[in-house]
Amino acid sequence: MKRLIQLTVNGDNIEKLVDTRRSLLDLLRNDLGLMGAHRGCDTGDCGACTVHLNGRPVPSCLVLAATCDGADVITVEGIAHDGRLHPLQRALVEKGAIQCGFCTPGMLMSALALLQERPEPTEAEVRAALAGNLCRCTGYVKIVEAVLAAAGELR
Amino acid sequence: MSESGPRTIGQRVAKLDAPDKALGRAQYGHDVRLPGMLHGRILYSRFPHARLINLDVSRAKRLPGVRCVLTAAEPFLPRNGIRRAAPGGAAADNPPARFGFGKDNTPFKGDVVRSVRDEVAGVVAVDPDVAEEALGLIEVEYEPLPAVFTFDEAMAEGAPILHPERGSNLAKTYRYAHGDLALGESESEVVVAADYLLPYVAHGCMETSVVVAQFDGRGRLTLWSTTQIPFLLQRDLAEALGLDGSQIRILQTAIGGAFGRGLDIYPYEPIAALMARKAGAPVRLAFSRTEEFVAGPARQPVTVTVRAGARRDGRLTFRDVSAKLAIGAYISWGLVTPIVMMETTASLYEVPHVRFQADCAYSNTPITGAMRGYGNPQSTFFIETIMDRLAEAVGMDPVAFRLRNANRPNSVTPQGLVITSCGLKECLEAVGAAAEQFLPRNGIRRAAPGGAARQSSPPAPAAQPAPDARPTLRRGIGFAATLNVGGGARIYRSDGCGATVKIDDFGHVTLVTGSSEIGQGSETVLAQIVAETLGISVEAISVVNSDTDVKPWDVGVHASRTTFIAGNAARLAALDARAQIFETAAELLSADAGELIAVEGMVRVKDDHARAMRIEQVVRRRHLREGGQIVVGEGWYDPPTQLVDKETYKGNISAAYGFGAQMAEIELDVETGQVRVLRLACANDVGVAINPMAVEGQIEGGAQMGLGYALTEELIVEGGKVLNPDFLDYRMFTAADMPEIETILVETDDPNGPFGAKGVGEMGGTPTAAAVANAIFDAVGIRLTQLPMTPERVLAALDAKEAQESA
């Protein structure tokens, strides 16, 4: 079964006929060619596919695309402005918080949601906010450091 | 030389590939999209050991969207266009090509399946879901066979033989000795012993295994791959497919984690090629997360018996280790992990008398492969917890005891390891000092502070909880050290890497290296080495490292070898390019080439800075003329090392050795058995840190894996089946679980390393489990010998201790 949905993705108006069994992640990657959200598990456990849905971070593999009619979706591709890295992206780059980079887009979206809600988070709050995003490379040390540094810069 | 310019070595240079990764633009294997690309899925066995009686794929073939179905009957590619002779008639017309480290594996299995990850059939369809649906329509009739899941079962009399043509399940034995064990025992004033049981562990790469295969119109195969061994994969794949290696091109995408996973050929790779050939279209084969846990390689589990002795003065006398390994149904690199277990046993600390023996058997269980540390996390766990028992038995402080026996610079171990730079002492002192520094902050009472100056003292009694803590909490600290190859590892006949450095008309430099970027930051470190050598900035450098048609040969990304080996090759290539520049500049500046230096993008005459030219000017003047020449430097580095002797296992396998030590500070709840690591101090002898930020990243990431190995990670395999193939049940440390990590870099300036650097990729997680186990002992007096140290196991050990004390 298919359903016609209208939504905005990174500010662009999108109209798509979607299979009702497909996830938002499928829509982004396969239909819209937005490869920034990564498929790490497809069961909502790893966080690599995290995007913002109506302002909240969600694992897009667990959201059915058909339910996104009227939704506002922001992916990692939508956070840099004028070709310049977002301060959070820049902090991750400069602090050495990116190794293989597969978890990075999801980390970024979870961290960004935290900073939008709490501009001055404690380290414990950062760690709690990122607990749904697994990373196998960094031990999270430099990711947490980068998020705290970006918070300081964004204030 | 660039001695007068700003140095690039030692700078915290951001990874060259990080901006694209932050923008979501890096292309991983899962992101490859080719026109007309189809999708493959694999059907695995339902039984750990069974005969295939019947395979009916007719319904799957009829499903709309399915392009083809493959089974073991799939004809293999003819070698050089000529179909191989068929001496045995029709069935032998398409003999299954045997591949893999033990030449015992085939893409699809045609007669017998030997594990639940055995490939029975494959489907190619227009999308992965259709392919998955088609798998469910394949009817397979099995006749289950008796199966063996452990070493002892595999070696029991009357056990089913997995590969009957081999006559036995025994796949390999290792026998190593130095000194005289009996003498060592007789000199011992204390002897300790323990049995260990170490689990399967998964790599847990965030990106699952993925491959895209495409044949071009000339019949040449291109494989987009997450491999760590592109050049060996060319050869292995050629063998598996009956092609020639020259017909295979490997392209490495951005790789979402590797950690040793990509060090062998696995059946899905030739299967993808077979699918692409049969479908006549490019095929992507991507593992699901479940498949990754079940069909991927695992860290080698092992059961070990250890005995060791010491004199009362704290000197080690002997070690005697015997290990049993169930290696899975086919040989991969798990079989060779005893080489590294042996190295730890024989050469971590100075031990005069050592025996190490290991036996490996086939089993109907997951395939075991290489995983970060490669045998060393296992052996460092048993050796370093045994060290702690010995320290306790002789009544010495654990750090002082280790220092008494520490390896020294410019020494040769009885195993034949030639140790040049060695910072083990400094690492132990650093974590000893770190323990001291942490004490007041966390309210831990401890009898003797750490550090070299510590005198022998009885082991500290169980630490007291902080005043405001729950009364059931106990705190403790523990130490462990590690030895790891840091200058390559000669496992193959060559341990080499090639590189070229091209300088163009605009002063832009392209380093083409045989080595690969797998997320660890190699391309950035190699760019720093080239920048330093040429006196230019890293911004002026691009690194090409992903295409076997372009880059020179390299043996692969393993054994923490890339900074050292590929770094030396890159440096040699840059020196060659610089010599070409200097040759021309000497003419143009009317100077002797020996008087020139390269600094800040310029070639200058030493002591006469007025005589200088920009590098790109020299390049242009060199080639834009009659008889001109381009600037391309070449480098090849193969370290001065040896293959270990096949009988004695002795020899200098690496051109440098890395050392490290860790201190874990833990809190254990005696009511729940829960262990929480509060702090982990990690000191590592890295030679020279070319990029301290990248080095810290390796250690911090290694610590996350080491902590998981210690406390949470176990691939639970029962009856040959993986019971927890997902991230909900296979628990890796999250950001919220991590302790504070303190990294301490000890620089010993290795004589053979590029700018003094040694490898560091694997050491971060190697001693962690032992440090945590020793901290648990410090806290509550129990010695755990099975990993992970789950609350259940902690409580069982506490109960056993209580029962023993009341008895």
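Me: Among contacts in chain B between residues at least 6 apart in sequence, what share joins residues at least 24 apart?
Reply: In this predicted model, that share is 79% for chain B.

Me: And what is the corresponding figure for chain A?
Reply: For chain A, 58% of the contacts between residues at least 6 apart join residues at least 24 apart.

Me: How many helices and strands does chain B have?
Reply: Chain B contains 18 helices and 33 strands. Its radius of gyration is 28 Å, close to the 28 Å that the globule rule gives for 807 residues, so chain B is as compact as a globular protein of that length. The C-alpha trace of chain B spans about 85 × 85 × 50 Å along its principal axes, and 60% of the 807 residues count as buried.

Me: Which strands form the open sheet with β2 of chain B in it?
Reply: That open sheet has 3 strands, in the order β4-β2-β6 of chain B, with antiparallel pairing. Its edge strands are β4 (112–113) and β6 (139–144) of chain B, each of which pairs on one side only.

Me: How many bridges join β2 to β6 in chain B?
Reply: There are 6 bridges between β2 (residues 50–56) and β6 of chain B, and the two strands run antiparallel. Within β6 of chain B, B:P144 is the residue that stands opposite B:A50.

Me: Changing topic: where is B:R311 found?
Reply: B:R311 is in the loop between β15 (302–310) and β16 (316–326) of chain B.

Me: Why does B:R311 count as partly exposed?
Reply: B:R311 has 13 other C-beta atoms within 10 Å.

Me: Which residues is B:R311 in contact with, leaving aside its neighbours within four places in sequence?
Reply: Those residues are B:E187, B:S188, B:E189 and B:T317. As for B:L787, B:R311 is 476 residues away from it in sequence and 29 Å away in space, C-alpha to C-alpha.

Me: Let us turn to chain A. In what order do its elements run?
Reply: From the N terminus on, the elements of chain A run β-β-α-β-β-β-α-α-α-α, with 5 helices and 5 strands in total. The C-alpha trace of chain A spans about 45 × 30 × 25 Å along its principal axes. Chain A has a radius of gyration of 15 Å, which agrees with the value near 15 Å for a compact globule of 155 residues. Buried residues make up 57% of chain A.

Me: Is helix α1 of chain A largely enclosed or largely open?
Reply: Helix α1 (residues 24–31) of chain A is largely enclosed by the rest of the structure, because 6 of its 8 residues are buried. The buried residues are A:L24, A:L25, A:D26, A:L27, A:L28 and A:R29. What covers them includes β2 (12–19) of chain A.

Me: What follows α1 of chain A?
Reply: A:G33 follows α1 of chain A, and its phi is positive, near 70°.

Me: Which domains are assigned in chain A?
Reply: The assignment gives domain 1 (2–78) and domain 2 (87–154) of chain A. Their C-alpha centres lie 21 Å apart. The contact between them takes 14 residues from domain 1 and 11 residues from domain 2 of chain A. On the domain 1 side, β3 (50–53) and β4 (56–59) of chain A each supply at least two residues, and β3 of chain A gives the most, with 3 residues. The residues of that side divide into 7 nonpolar, 6 polar and 1 charged.

Me: How many residues of chain A are in contact with chain B?
Reply: There are 43 residues of chain A in contact with 42 residues of chain B. On the chain A side, α2 (87–94), α3 (104–117), α4 (123–129) and α5 (141–154) each supply at least two residues. The residues of this side divide into 24 nonpolar, 11 polar and 8 charged.

Me: Finally, what scores does the model have?
Reply: The model scores ipTM 0.99 and pTM 0.95. The mean pLDDT of chain B is 93, and 92% of its residues reach 70 or more.

Me: Where in chain B does pLDDT stay under 50?
Reply: One such stretch is residues 78–95 of chain B, for which the model has 12 contacts beyond four places in sequence. Over residues 440–465 of chain B the pLDDT is also below 50, and this stretch has 65 contacts beyond near neighbours in sequence. Where pLDDT is low, the predicted coordinates should not be read in detail.

Notes: Residues are numbered from 1 along each chain as its sequence is written. Chains are lettered from A and ligands numbered from 1 in the order in which they are written. This is a predicted model: local features need pLDDT of at least 70, side-chain atom pairs count only at pLDDT 80 or more; totals for chains, interfaces and linings use all residues. Domain bounds come from an automatic or database domain assignment. Two residues are in contact if their C-beta atoms, placed from the backbone, lie within 7 Å. Helices (H or I, at least four residues) and strands (E, at least two) are DSSP runs, numbered from the N terminus. Ala, Val, Leu, Ile, Met, Phe, Trp, Tyr, Cys and Pro count as nonpolar, Asp, Glu, Lys and Arg as charged, and the others, Gly among them, as polar. A residue is buried if 20 or more other C-beta atoms lie within 10 Å of its own, exposed if 12 or fewer, and partly exposed in between; C-beta atoms are placed from the backbone. The radius of gyration is taken over C-alpha atoms; the globule rule is 2.2 Å times the number of residues to the power 0.38. pLDDT is the predictor's confidence in each residue, from 0 to 100. Two strands pair if DSSP finds at least two bridges between them.
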